[in-house]
Amino acid sequence: MKKMFLLCLIFISVSISAQDNILVSKFQILLDYHYNLGLVENGDLAKITRSDFKMYGNSIHLSGLYNLNPKIALGVGIGLDRYENHGFNTLPIYLTAHYKPLYKLPSGYIFSNLGYGLDTSDFIPGALFDIGIGYKKMFRKHFGLNFQLGYNLKQQKGNLGYIDEKQQIVHDKINRYRHSLSFGIGLIF
């Protein structure tokens, strides 16, 4: 009886894995929300840690992926990111890559994003780098869920205005880097 139950479980898991491979289309659209838990921020003016401020951020990213083969997918994306404690917004455009290294876990992948934030009146420019692991669960060929856990590095460049000890407004150029843990969930179309 136990052997029959074990054989049924193996059969179901193999058929689900095979179904996941069948359900992957060549082109996919991903809409992801990420919560970025700030760890440390280094810059020209100061070093800020999580014990100094509650650093966090929220982002929404829209990506288009093309599956080159069952293991590699490449694409481009655009996002809206809001990083709190300094209250800055970024509009990154980035390249993305997904790699599936494990045959036994075909829905698991390693990802990386590399891009730069546009310089506009509402958004601060700067580099973007993400790396992490993810898992896709497809329910139909063009509908599924995406889960990600990773590291986020965000550069902030631009001008900063503040009042000094003489009560005068000072404008300085800033160059800061925020390091964060990123937790994401999204939809796949």
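How many residues does the hairpin that joins β3 to β4 run through? The hairpin joins these strands through four residues, and the report below sets it in the context of the whole chain.

## The model and its elements

This is a predicted model, in which local features need pLDDT of at least 70 and side-chain atom pairs count only at pLDDT 80 or more, while totals for chains, interfaces and linings use all residues. Residues are numbered from 1 along each chain as its sequence is written, and side-chain values use heavy atoms, with hydrogens and water left out.

The protein chain has one helix and 10 strands, where helices (H or I, at least four residues) and strands (E, at least two) are DSSP runs numbered from the N terminus. Read from the N terminus on, the order of the elements is α-β-β-β-β-β-β-β-β-β-β. Of the 189 residues, 36% count as buried, a word that here means under 20% relative accessible area, with exposed meaning over 50% and partly exposed in between (1.4 Å probe, protein chains only). Among contacts (heavy atoms within 4.5 Å) between residues at least 6 apart in sequence, 57% join residues at least 24 apart.

## Strand β3 and its partners

Strands count as paired if DSSP finds at least two bridges between them. β1 and β3 run antiparallel and are joined by 11 bridges, and Tyr-35 stands opposite Asn-58 in β3. The pairing of β3 with β4 is also antiparallel, over 11 bridges, and here Leu-62 stands opposite Ile-78 in β4.

The C-alpha atom of Ser-59 is separated by 5.7 Å from that of Tyr-33, although the two residues are 26 apart along the chain. Leaving out residues up to four places away in sequence, Ser-59 touches Asp-32, Tyr-33, His-34, Asn-36, Leu-80 and Asp-81. Asn-67 also lies in β3, and it counts as buried because its relative accessibility is 8%. A polar atom of the Asn-67 side chain lies 2.6 Å from the backbone oxygen of Ser-25.

## His-179 in strand β10

His-179 lies in strand β10, which covers residues 169-188, and this histidine is buried because its relative accessible area is 19%. Its side chain is joined to that of Tyr-151 by a polar contact of 2.6 Å; such a contact is a pair of N or O atoms within 3.5 Å, and within protein one must be able to donate a hydrogen and the other to accept it, with residues adjacent in sequence counting only if both atoms are side-chain atoms. Beyond its neighbours within four places in sequence, His-179 is in contact with residues including Leu-37, Leu-39, Val-40 and Leu-153.

## The largest cavity

A cavity is a set of points, on a 1 Å grid over the protein atoms alone, where a 1.4 Å probe fits but cannot get out, and its lining residues have an atom within 4 Å of a point. There are two cavities of 30 Å³ or more, and the largest holds about 160 Å³ of space, a volume being the space filled by probe spheres set on the points, which are joined across faces, edges and corners.

The largest cavity is lined by 23 residues, and His-34, His-61, Asn-113, Asp-130 and Gln-148 lie nearest its centre. Strands that each supply at least two residues of this lining include β1 (27-43), β3 (56-67) and β4 (72-83). The lining divides into eight nonpolar, 12 polar and three charged residues, where Ala, Val, Leu, Ile, Met, Phe, Trp, Tyr, Cys and Pro count as nonpolar, Asp, Glu, Lys and Arg as charged, and the others, Gly among them, as polar.

Methods
1 Å grid on protein atoms, 1.4 Å probe; cavity = no way out; pocket = protein on both sides within 12 Å on 5 of 7 lines; lining within 4 Å.
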